[in-house]
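This report describes selected features of the structure shown below. Please consult the sequence and the model while reading.

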Amino acid sequence: MQVKRGRPRNMETQNAILTTSYDLLLEAGFGSVTVEKIAERAKVSKATIYKWWPNKAAVVMDGFLSAASARLPVPDTGSVFQDVLEHATNMARFMHTREGSIFLQIIGEGQVDSALAEAYRTRYIQPRRQEVNDILEQGNLRGELKKNIDIALCIDLIYGPIFYRLLVTGDSPDDHYVRQLVTQVIDGIRSI
């Protein structure tokens, strides 16, 4: 059992730090955000920030996620197709918002900043993958999908093309595209 040391986080201070890091991210982009700027605007010490987060990338990602997570609810309609379609559509739509474009910039910055790449992978990508994993597992338990599917591969087949369009080709993964994509993948793994 791990014992936490020090005082617990003050939620008001934590929220001020997260809100400030998010505001600075929106104003100037990831490259211009510094722990010093966050501390100054949130009226806290840098030591307070470093006590709770290991680096700038972690606090910025947590600020981003605290602001954006409500916009990406996990659907539970009772249909694996409908749940995956809603999840993928909401994610693609989100990427066309200001917050989404910031996240795409973060992915770009992460190609040269390993701490940032680790932060967005562990704090954003992995939790979203787990959401879809859970949706597909539920579909499997309900007998909607073939028994021995590779769930991780199915997630890649659905979300990989969306990010390819967003980050490589510049084409828009609109609602029609996402529906076609999800239909093709789910039709290939349906049990019936």
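## Salt bridges

Arg142 has a relative accessible area of 35% and is therefore partly exposed. The model is a predicted one. The side chain of Arg142 forms a salt bridge with that of Glu144, with an N to O distance of 2.6 Å. Glu144, at 18% relative accessibility, counts as buried, because the cut-off for buried residues is under 20%.

A search of the whole structure gives 8 salt bridges. Among them is the pair Arg128 and Glu131, whose closest N and O atoms lie 3.0 Å apart. Both of these residues are buried. Arg128 and Glu131 are 3 residues apart in helix 7 (residues 114-141), so about one helical turn separates them. Asp187 and Arg190 also meet through their side chains in a salt bridge, at 3.4 Å from N to O. Asp187 is partly exposed at 46% relative accessible area, and Arg190 counts as partly exposed at 29%.

## Helix 1 and helix 2

Two packed helices are described by the angle and the distance between their axes. The axes of helix 1 (residues 11-28) and helix 2 (residues 35-42) come within 9 Å and cross at roughly 120 degrees. The two helices are therefore oblique to each other, and the crossing of helix 1 and helix 2 is right-handed.

Lys43 is in the loop between helix 2 and helix 3 (46-52). Although Lys43 is not a glycine, its phi is positive, at about 60 degrees. Lys43 counts as exposed, with 74% relative accessibility.

## Nonpolar surface patch

Tyr164, Leu167 and Val168 make a nonpolar surface patch of about 310 Å². Tyr164 lies in helix 8 (residues 151-169) and counts as partly exposed at 47% relative accessibility.

Notes: Residues are numbered from 1 along each chain as its sequence is written. This is a predicted model: local features need pLDDT of at least 70, side-chain atom pairs count only at pLDDT 80 or more; totals for chains, interfaces and linings use all residues. Side-chain values use heavy atoms; hydrogens and water are left out. Patches are made of residues with over 30% relative accessible area and no salt bridge: like charges are joined within 9 Å, nonpolar side chains (Val, Leu, Ile, Met, Phe, Trp, Tyr) within 5 Å. Accessible areas come from the Shrake-Rupley method with a 1.4 Å probe; for residues, only the protein chains shown count as cover. A salt bridge is a side-chain nitrogen of Lys or Arg within 4 Å of a carboxyl oxygen of Asp or Glu. Helices (H or I, at least four residues) and strands (E, at least two) are DSSP runs, numbered from the N terminus. Buried means under 20% relative accessible area, exposed over 50%, partly exposed in between (1.4 Å probe, protein chains only). Axes are lines fitted to C-alpha atoms, for helices over the stretch in contact, and angles run from 0 to 180 degrees between N-to-C directions. Angles under 35 degrees count as roughly parallel, over 145 as roughly antiparallel, 65 to 115 as roughly perpendicular and the rest as oblique. A crossing is left-handed if the near helix is turned anticlockwise from the far one by less than a right angle, and right-handed if clockwise.
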